[in-house]
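Here are my notes from going through this one. Have the fold open beside you as you read.

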Amino acid sequence: MMNTQAQKKYNPPTLFDPTPYGFSHVATVPAGYQLILVAGQGGEENTEGKLTPDFRTQVRQALLNIQKALAPEKVTMDDVVKVTSLVVDHDEQRLQILIEEFKRVWPKKNFPINTLIPVPRLAITGMLFELEAMAIKKP
């Protein structure tokens, strides 16, 4: 069982081990903690919405954009308990990139739970990845 601050993330032994894939099965949050919800963030590199056609760069930037969204609340990626990943044209290569980038952001392997949804298209032309997040904060 992994603990990041007050949250618990774990993987029941009756389910497959998801840590090689960069996520956990279950996260619990104790009473009294504030939920911080972050809308889906893409790989936009600036306030004008510039997107590179490179999938890894978009994933890395989306993770950075989540960090930027959480910063005013004084929480970090270690406070993230759940993400939803939307991947255009999902395949094994893109999955591997996602796993590698999640391991880079969560090197202690305190991975949030993650629902990955393959999609045919996202809101902006050229957008290949979008990440929604839920974090917690002690009030």
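**Notes on the fold**

1. In β7, Leu-86 has Glu-130 as its bridge partner. Strands here are DSSP runs of E, at least two residues, and helices are runs of H or I, at least four, numbered from the N terminus. Keep in mind that this is a predicted model, with local features needing pLDDT of at least 70, side-chain atom pairs counting only at pLDDT 80 or more, and totals for chains, interfaces and linings using all residues. Residues are numbered from 1 along each chain as its sequence is written, and side-chain values use heavy atoms, without hydrogens and water.

2. Strands β5 (residues 80-88) and β7 (residues 129-137) run antiparallel and are joined by seven bridges; DSSP has to find at least two bridges for strands to pair.

3. The open sheet has four strands, ordered β4-β7-β5-β6, with mixed pairing. Since β4 (34-41) and β6 (113-119) are at the edges with a single partner strand each, one side of each lacks a neighbour in the sheet.

4. Helix α1 (residues 55-70) crosses α2 at roughly 35°, their axes coming within 10 Å. Axes are lines fitted to C-alpha atoms, for helices over the stretch in contact, with angles from 0 to 180 degrees between N-to-C directions. Contact (heavy atoms within 4.5 Å) involves, among others, Phe-55 and Leu-63 of α1 and Ile-97 and Phe-102 of α2.

5. Is Lys-8 buried, partly exposed or exposed? Lys-8 is partly exposed, at 38% relative accessibility; buried is under 20% relative accessible area, exposed over 50%, and partly exposed in between (1.4 Å probe, protein chains only). Lys-8 belongs to strand β2 (residues 7-10).
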